[in-house]
Structures are given as structure tokens and as C-alpha cells.
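Keep the 3D view open as you read.

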Amino acid sequence: MIGVTSKQNQAIEEEEDGSDLMKQATEAADDLYRIRDTYFPSDATDKINKLQSHSQIALNILDSVPPEERKLATQRATYEYLRGKILDVFPEYSKKAEDHLSKAVKLNPSLADAWLCLGNCIWKKGDLPATRNCFTLALSKGPNKRILSQLSMLERRMAQGADNQEELVNDSIKHAKEAIALDVKDGNSWYNLGNACLTCFFVTGAWDHSKLQQSLKAYQNAEKDESMKLNPDLYFNCATVNTYLENYERALSGFEAAASIDPCLNATEEIQKMINLFDKLDRLLKGQIKAKRLASLTSSLPEVQLKPSYKRATIDNLLDGLNKTIAVVGKVIFFIKHENITPLCYLVCDSNQTCFLLTVYGINNEAIKEGDQVTLLDPCFRNNNFSWNEKHYEFRSVRVDFLEQVQVNGKPIPPRHSVRSSIYAQHKP
């Protein structure tokens with residue numbers, strides 16, 4: 001049997017110690033990013049302070065790796081990668097982080113995680129083509145759900161103001177689905193698909209509600225992953241979709257969940273905006289609009305001529321959802337000002353002197369004014385009935401998404417009044 005010298009023993013122990021320290025540094029870097037993604041104090045500076053102290057701990061561990069354990073190119077690459085990753089945990093761009101990550105990919109071009117981190121770092125300084133190049137090179141090393149999700153997010157960011165918006169967003173959806181195919185239970189991949197479908201809805205004209213339903217379904221799948229329970233943006237974005245679909249109670253609950261995780265998000269403000277609108281509507285509906293005035297305002301409504309293909313109805317005759325070949329004629333009593341840009345909100349009264357909320361999307365605020373007579377074609381009706389903070393809200397509403405769904409004073413709305421809303425996924429480092 002061949003004996004082992006004390007020097008050989010020492011070398012083996014040092015190698016094991018170096019390997020253990022590199023492993024500890026890797027774990028410290030991962031813990032650092034967990035803090036970034038799950039720690040949301042009421043004071044944002046507390047988070048920065050915590051990241052700074054933990055990043056220093058991680059760097060100290062990394063620096064304690066013996067020089068002889070950084071001799072090989074692959075070892076030096078891992079060292080540079082971890083150092084760059086730790087330095088890049090903060091929201092601002094770091095030149096030092098980019099330099100270390102660039103060294104890592106030069107030393108070991110097959111280190112996909114280093115390419116991913118380098119792309120995220122470069123993204124912060126606004127060089128989107130270079131970021132895409134990093135992600136593409138990372139994917140060339142093999143399929144990876146995290147890289148696919150980041151590429152999908154980047155494509156949505158690149159779509160802002162681009163001539164080929166729709167193409168970029170379709171690529172974003174494609175890459176999001178490829179990430180899910182690699183791990184159907186990964187909540188972050190589902191969350192990313194939800195964001196892609198939401199962006200697609202607005203880019204393609206904000207009319208196809210099936211895209212919003214696809215977005216909601218993806219968010220619901222994301223919620224099944226326990227690791228996503230601490231992601232405030234998931235609940236916030238889901239609430240945004242529900243707000244647009246006028247699922248008000250679900251929207252309020254979603255914003256409340258987001259606010260409970262991250263008090264620094266403007267979720268509480270979104271709740272207050274909605275409640276302010278509902279309270280204003282409630283006061284208007286319960287206000288004493290004199291019956292004589294209503295009778296005078298609505299007296300001419302039954303005489304309004306309709307297309308032969310449409311059947312006249314009042315708000316009481318409508319069913320929940322789309323009412324095809326039905327027309328409701330009403331008088332605009334009030335334009336309801338509120339804090340959100342969209343939708344435009346009006347209190348309208350029909351020929352039975354029944355008041356309801358009219359929500360208008362995709363049309364500017366000059367098209368419909370107080371005192372106008374409106375003809376609502378194929379009205380999309382909803383009977384709203386919910387409570388929030390022990391206050392009950394009950395009102396009926398009709399939604400308009402297209403110019404073609406409404407006539408003003410017996411005439412179609414000119415195309416110049418058409419507007420488009422936009423929501424794009426933002427990069428959160």
C-alpha cells in the first residue's frame with residue numbers, strides 16, 4: 001500500500017477547504033438574491049442596507065478562497081462570476097460587476113449563469129441589443145428556463161416604441177412558453193407568461209379580452225408555486241388585469257395582497273383610487289336628482305331611431321355579458337372624474353329613468369360629454385354587487401371598448417377620437 005505524506009494530506013485538506021469555501025460563497029450569493037426578491041420592508045433604505053451588509057459577508061467568504069484554488073481557468077471563471085453576481089445585486093448598474101462577469105465568460109465561455117448575470121448587468125445601463133446577445137449566447141449552452149424567462153422579459157422591454165412591437169411580443173410569448181415546457185410547475189415561468197399575454201393585449205389594440213383571460217390563467221398557475229407567494233408583483237399584475245376586466249372585488253383583494261407583501265408598491269394607492277370612484281358613484285346614485293329633471297332629460301329617448309337589425313331595450317332588460325343585436329339609448333347625466341386615466345366614466349340614465357355607470361375604453365374624453373344622448377350597441381352589461389371594508393357597493397354598468405359600440409347624438413364617433421392604452425413589462429433587477 002502506498003503511503004500518503006503529510007504534505008499530500010495538507011494539500012488535500014486545503015483543496016477541500018477551498019472547495020467548501022467556494023460552495024459557501026455560492027450559497028451566500030444565492031441567499032443575497034433571495035433577500036432581494038423576498039424582503040420588502042416599509043422603508044426601502046432598510047432593504048439596501050441589508051443587501052449591503054450581506055453582500056459584504058458574501059464577498060468576504062469569496063475572498064477567503066485560497067489563491068491556489070483559483071489557478072485553473074474554470075476556477076477563476078467561477079470566482080469572477082460569483083464576485084460579479086454579488087456586486088450586481090443592487091438596482092443600479094455596476095461597472096465593477098460588468099468587468100468581473102466579462103472576465104468570467106472569457107475564462108469559461110460555457111458558463112451559462114455568468115452570461116445570464118452579464119446580460120442582466122448590461123440591461124441596467126440600457127444596452128438592450130448587447131443584453132439580448134448575452135441571453136442568446138447563454139441559451140446556446142443548452143435550454144434554461146431562467147434564461148428563457150429573462151429573454152422573454154427583455155423582448156417586451158424592447159417592444160416599447162419599436163416598429164415591430166407585435167413581432168417582439170409574440171417572441172416574448174414564445175420564449176415564455178418554452179420556459180414552461182422545461183418545468184411546468186415553475187411559478188416564475190407562468191408569471192412571466194402572464195406578463196407577456198398582458199402586454200400582447202395592449203400591443204394588439206386592447207380589444208381581445210381572451211388575451212387577458214390567458215394572462216389571468218397564467219397568474220393563477222404561478223400562484224400554485226409556493227415560492228411565488230412572496231412575489232408582490234404577481235398579485236399586483238393580476239389585480240391590474242382584474243381591474244381592466246372590471247372584476248372589482250378580485251382586483252381590490254389582489255392589490256391588498258400585493259401591499260401586504262411590499263408596502264412600498266403603490267398597491268394601497270390603487271385601492272384608494274378605486275374606492276374613491278365607487279364612493280363618488282354611490283353618492284351620485286343616491287343623490288337627489290329630481291324626478292322632473294330626469295323626466296325632462298330622458299323624454300326624447302324613445303323617439304331615437306335605431307338600425308332595423310337592433311332591438312331597443314332598457315338597462316333592466318340586459319343580461320350579464322354581451323347583449324348582441326340590442327341597443328340601449330341613454331342620456332349622459334354626469335362625467336365622473338377619477339384618478340386613473342382609463343376608463344372614462346359616465347353616469348347615464350335610460351328611458352326608464354334608471355341610472356347606470358358607463359365605462360369607456362379606447363375613446364378620448366372629447367367624444368362624449370354631459371348632456372349628450374348615447375346609443376349603446378351590443379352592450380356589455382355587468383351587475384356589480386360587492387363589499388369592501390364593511391361598505392356595500394351595488395351598481396349596474398355597461399362597458400364600451402370600440403368606437404363602433406356607441407353613437408353620440410345619433411351619429412357615429414369619428415375615428416379621430418380613438419386612443420390606445422399601453423402597458424409594458426418593466427425590468428426589475
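The largest nonpolar core has 73 residues, and Tyr-81 and Leu-193 touch the most other members. A nonpolar core here is a set of buried Ala, Val, Leu, Ile, Met, Phe, Trp, Tyr and Cys residues joined through side-chain atoms within 4.5 Å. Buried stands for under 20% relative accessible area, exposed for over 50%, and partly exposed for what lies in between (1.4 Å probe, protein chains only). Helix α9, residues 187-203, gives the most to this core, with ten residues. Leaving aside residues up to four places away in sequence, Leu-193 touches Ile-173, Ala-176, Lys-177, Ile-180 and Ala-218; a contact means heavy atoms within 4.5 Å. Another core, of 31 residues, lies apart from the largest one and has Tyr-235, Ala-239, Phe-255 and Cys-345 among its members.

A word on the model itself: it is predicted, local features need pLDDT of at least 70, and side-chain atom pairs count only at pLDDT 80 or more, while totals for chains, interfaces and linings use all residues. Residues are numbered from 1 along each chain as its sequence is written, and side-chain values use heavy atoms, with hydrogens and water left out.

Now step back to the whole protein. You can find 14 helices and ten strands, which are DSSP runs numbered from the N terminus (helices: H or I, at least four residues; strands: E, at least two). The C-alpha trace spans about 110 × 45 × 40 Å along its principal axes. Of the 429 residues, 50% count as buried. Among contacts between residues at least 6 apart in sequence, 61% join residues at least 24 apart.

Finally, let us visit some loops. As background, most residues other than glycine have a negative phi, and most peptide bonds are trans. The loop between β4 and β5 (355-360) holds Gln-353, whose phi is positive, about 65°, although Gln-353 is not a glycine. Gln-353 is partly exposed, with a relative accessible area of 34%. Between β7 (380-388) and β8 (391-400), the loop contains Glu-390. Glu-390 also has a positive phi, near 70°, in a residue other than glycine. Is Glu-390 buried or exposed? Glu-390 is exposed, with a relative accessible area of 85%.
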